[in-house]
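Hello,

Here is the structure I promised to send over. Please have it open while you read, and my notes on what turned up follow below.

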Amino acid sequence: MTSTQIGPPFLQLMRQEFRNALRPNACMRFRRSYSSAPSTSRDSRTRVEATSTPIIRSQVPRTCLPVSAHRCSYRQLHQDSLSRHFATTVPKPAAVVIVNPRIDEDGNEMLIDITERAATRLREIMTKDSNPSLALRVMVESGGCHGFQYLMSLTNMSAVSPQDDTVFEATNGSGAKVVMDEPSLELLKGSKVDFTMELIGSQFKIVGNPAATSSCGCGTSFDIKL
C-alpha cells in the first residue's frame, strides 16, 4: 500500500492504537473489518469497532504492553546481569585437615595452606624416593635472631602421633602432606607453606604468618607480639 492510498481514518486508527499501548491497563481489543469491494467512500474504506472488554495480561501482545512493564523487564534483566557478573565464589582451600583437626580459643579451626610450588616439590620428592607416605614436618622453636625459628624436616606418616600432631594435605591431588604439632600450629595458623628457589638455595618456607610481627631476611626466624 502506497502513501497515497492511506486515508485519514487509517492514520487515526494507528494513533489510537499507539495511545492505548502507552496507557497502563487500558489495552483494548480491536476488531477490524475492511470492505471487500474497492470503494472511494471514506466511511466504507476502514471501519473500526472498539470494545471495552478487558484483556488479561497473558493475551496482550508484547507490543501492547504498557511502557512501565517494558521498563521493569529491562531493569530486572540489567540487575540479573550485574548480579551474575559480580557474583563472588568461595575460594577453594589449598589444604585440608586429614588427621586431628584443632580449634583455637575463639572456636575457629586452625588451618594452613600449601602452595602449588610446595605441593609439587613434595610430590617430586615422594616420587624420587618411591615413598608415598612421605610428609613435611614443620616446627617452631625458640631461638634465632628474632626469638622464634622455623624447623622443617621430612618424616613418614608412620611417625605421626594422632594425638599430638595435625596433618594437612594439599587439595590439588598431589598427595603432599604437612605435619605440625599443636604448639607450632598455634603460632602458624593462617600461614602458607611455600617452596622458593633463590641464590642462597631452594627451600621450604613459611610465608604470610599472621602472628609474625617481624622476621629476618632469610625468613627462618620471626618475632611475635605477646
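This is a predicted model: local features need pLDDT of at least 70, side-chain atom pairs count only at pLDDT 80 or more; totals for chains, interfaces and linings use all residues.

Strands here are DSSP E runs of at least two residues and helices are H or I runs of at least four, all numbered from the N terminus; two strands pair if DSSP finds at least two bridges between them.

Residues are numbered from 1 along each chain as its sequence is written, and side-chain values use heavy atoms, with hydrogens and water left out.

Within that sheet, β4 (residues 113–114) pairs with β9 (residues 192–198) in the parallel sense, over 2 bridges. Asp 113 sits in β4, and its bridge partner in β9 is Lys 192. Contact means heavy atoms within 4.5 Å; leaving out residues up to four places away in sequence, Asp 113 touches Ala 94, Ala 95, Ser 191, Lys 192 and Val 193. The C-alpha atoms of Asp 113 and Gly 190 are 7.3 Å apart, although 77 residues separate the two along the chain. Asp 113 is partly exposed, with a relative accessible area of 25% (buried is under 20%, exposed is over 50% and partly exposed is in between, using a 1.4 Å probe and protein chains only).

The other open sheet has 7 strands in the order β3-β7-β8-β5-β6-β12-β11, again with mixed pairing. Its edge strands, β3 (95–99) and β11 (212–215), each pair on one side only. From one strand to the next, the twist averages 35°. (Axes are lines fitted to C-alpha atoms, for helices over the stretch in contact, and angles run from 0 to 180 degrees between N-to-C directions.)

Some of the pairings in this sheet:

- β5 and β6 run antiparallel and are joined by 9 bridges; Leu 136 stands opposite Leu 154 in β6.
- β7 (residues 165–170) and β8 (residues 177–181) pair in the antiparallel sense over 5 bridges, and Thr 166 has Met 180 as its bridge partner in β8.
- β6 and β12 are antiparallel too, with 2 bridges; Gln 149 has Ser 221 as its bridge partner in β12.

**The nonpolar core**

The largest nonpolar core holds 28 residues, and Ile 114, Val 178, Met 180 and Val 193 have the most contacts inside it. (Such a core is a set of buried Ala, Val, Leu, Ile, Met, Phe, Trp, Tyr and Cys residues joined through side-chain atoms within 4.5 Å.) α4 gives the most to this core, with 5 residues. Val 178 is in contact with residues including Ile 112, Ile 114, Leu 136 and Val 193.

**Salt bridges**

There are 5 salt bridges in the structure, each a side-chain nitrogen of Lys or Arg within 4 Å of a carboxyl oxygen of Asp or Glu. Three of them may interest you:

- Glu 182 with Arg 102, closest N and O atoms 3.1 Å apart. Glu 182 is in helix α5 and Arg 102 in the loop between β3 and β4, so the pair ties together parts 80 residues apart in sequence. Arg 102 counts as buried at 12% relative accessibility, whereas Glu 182 is partly exposed at 33%.
- Asp 194 with Arg 117, closest N and O atoms 2.5 Å apart. This pair links strand β9 to helix α4 across 77 residues. Asp 194 is buried at 6% relative accessibility, while Arg 117 is exposed at 51%.
- Arg 121 with Glu 124, closest N and O atoms 3.2 Å apart. The two are 3 residues apart in α4, which means about one helical turn lies between them.

Best wishes
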